[in-house]
Amino acid sequence: MNAEQRIRTKALAIFLLLLPAVASAQAPGARIDRIVQSYADAQQFMGAVLVARDGNVLLSKGYGSANLEWNTPNSPSTKFVLASITKQFTATSILLLEERGKLKTTDSVRKYLPDAPATWDDITIYNLLTHTSGIPDRLGDSAQHTPEQLFAEIRERPLKFRPGEQWDYSNSAYEVLGYMLEKITGESYKDFIQENIFTPLHMKDSGYDSNVDIIPRRASGYWPGIRGIENARTVDPSWVYSAGAIYSTTEDLLRWEESLFGGKVLKPESLEKLTTPFKNDYACGLIVHQINGQRVIEHGGNVWGFNAEMLFYPESKLNVIVLGNLNGRVPQMAMALGAAMHGETVPLAKVHKQIHLSKEVLQRYAGTYELSASWYLTVTAEDGYLLVQAPNQDKFAAFPESETSFFYKAFDAQFEFSKNDHEEYVYLTAHQEGKDTKMTKK
């Protein structure tokens, strides 16, 4: 799981082509369908999209394949891994337990997990919910784990900061919440979520993912690889547990959002706690912030083979739900759909066209490019592309679209190499999130 490159990596900028002016005269459903189709045509999206306003569904459609090997199309009933969108279900479950008198979010975690280290004395349940516990993400493989094994790994690592003083996104904190839920209730996380959320809300196409269970209409996950779209690596759901192991459909998630924000799941004071940011715009399993003057409650998810994004605009009662089974630009597309529904001019996705460069041309860009002592990019030349690696991250292929310009297929970032006064290629400028970052070769 990545952060997301461990469950949540979000790149929000993309070089785009503007929509023709005639698009503004189209019906909302046709306009947003055209935006989504542009991402699908650019091979940046496969999945399902649902957009609804005040209970009226404007678009509910599948794009691309749920399984490329069988040529099975995606549809509104296709089931996708939600990754970190799971966190809002975990947070809601904890608040349900608080309503039932089983815990208080102000309680110390060690009250319920006495075998936690003494350094956790000051960590409250609320700290876990808001990513302010100081518990770092655990390291390790993506093999099968029991909740006990996960907890044993997590508690061995020192805290990154004093609880409550800083914010740091931690999947491990949400895994501790799932483990604590099991200890308090005597039920598995899977059973609790099913009995207390999915069944009462008639979310019949949602559940806890499994690599061995037969789950009808489940999408396969894909990755934009060096040779084109590839099967994504398999991550055992138990590894992501209560931080990211739930699957669902766009239709079920609309039921969830309408029930949750409609006051049918939590009491008003609990819903207020769930949606009130504490630090860094993060509430409890949800991000709450302003986008172009609009209040948005949202969260995304990212794991190998799947991306997801859910946006809810309370004032306009707009729901945007995007579930993808091809790692790509789901967050950007979801934001574009929300902007289009609020009357903004929205761009279509640009298709980057890969060209061939010789080994000699590629080799001149190999090296380490520094922004600072702690941040740099290592570039190596391969047959037809470059491999680019940031500190503590995986290597990703960048493909040429000109002799000096390269692009990622999986992420929204481009690179431009340039010369110094001696005609040597020593500068790398990264274009990402609307910013240009220039680095120099060591």
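In strand S3, Ser60 is the bridge partner of Leu50. Helices (H or I, at least four residues) and strands (E, at least two) are DSSP runs, numbered from the N terminus. Two strands pair if DSSP finds at least two bridges between them. S2 (residues 47–53) and S3 (residues 56–63) run antiparallel, joined by seven bridges. The two form a hairpin with two residues between them. In that turn, Asp54 has a positive phi of about 55°.

S2 also pairs with strand S14 (residues 318–324). Here, too, seven bridges join antiparallel strands. Arg53 has Leu318 of S14 as its bridge partner. How many of the seven residues of S2 are buried? Six are, so S2 is largely enclosed by the rest of the structure. Buried means under 20% relative accessible area, exposed means over 50%, and partly exposed lies in between (1.4 Å probe, protein chains only).

## How the model is read

This is a predicted model: local features need pLDDT of at least 70, side-chain atom pairs count only at pLDDT 80 or more, and totals for chains, interfaces and linings use all residues. Residues are numbered from 1 along each chain as its sequence is written, and side-chain values use heavy atoms, with hydrogens and water left out.

## The barrel

Eight strands make a closed barrel. The order is S16-S17-S18-S19-S20-S21-S22-S23, with antiparallel pairing. From one strand to the next, the twist averages 30°. Angles run from 0 to 180 degrees between N-to-C directions, and axes are lines fitted to C-alpha atoms, for helices over the stretch in contact.

Five of its six residues are buried, so S19 is largely enclosed by the rest of the structure. Four bridges link S19 to S18 (residues 386–389), and the two run antiparallel. Gln389 stands opposite Lys395 of S19. S18 and S19 form a hairpin with five residues between them. Asn392, in the turn, has a positive phi of about 65°.

On to S20 (residues 405–408). Three bridges join S20 to S19, again antiparallel. Pro400 has Phe406 of S20 as its bridge partner. This pair forms a hairpin with four residues between the strands. Further along, S22 (residues 425–432) and S23 (residues 435–441) pair in the antiparallel sense over six bridges. Gln432 stands opposite Lys435 of S23.

## Helix H5 and two neighbours

Helix H5 (residues 171–185) packs against helix H7 (residues 237–244) at an angle of about 85°. Their axes are 7 Å apart. That makes H5 roughly perpendicular to H7. Angles under 35 degrees count as roughly parallel, over 145 as roughly antiparallel, 65 to 115 as roughly perpendicular and the rest as oblique. H5 contributes Asn171, Tyr174, Glu175, Gly178, Tyr179 and Glu182 to the contact (heavy atoms within 4.5 Å). H7 contributes Trp239, Val240, Tyr241, Ser242 and Ala243. The contact of H5 with H7 divides into six nonpolar, three polar and two charged residues. Ala, Val, Leu, Ile, Met, Phe, Trp, Tyr, Cys and Pro count as nonpolar, Asp, Glu, Lys and Arg as charged, and the others, Gly among them, as polar.

H5 also packs with helix H2 (residues 86–99). What is the angle between H2 and H5? The angle is about 40°, with the axes 10 Å apart. That makes H2 oblique to H5. The residues of H2 in the contact include Lys87, Ile94 and Leu97. Among those of H5 are Asn171, Tyr174 and Leu181. By class, this contact has seven nonpolar, four polar and one charged residues.

## Loop residues

Most residues other than glycine have a negative phi. Asn71 has a positive phi of about 55°, although it is not a glycine. Asn71 lies in the loop between strand S4 (65–67) and strand S5 (72–73). Is Asn71 buried or exposed? At 61% relative accessibility, Asn71 counts as exposed.

Glu423 lies in the loop between S21 (414–419) and S22. Its phi is also positive, near 65°. Glu423 counts as exposed, at 53% relative accessibility.

Val346 lies in the loop between helix H10 (330–341) and strand S15 (347–349). Val346 is buried, with a relative accessible area of 2%. Val346 and Leu97 are 249 residues apart in sequence. In space they are 42 Å apart, C-alpha to C-alpha.
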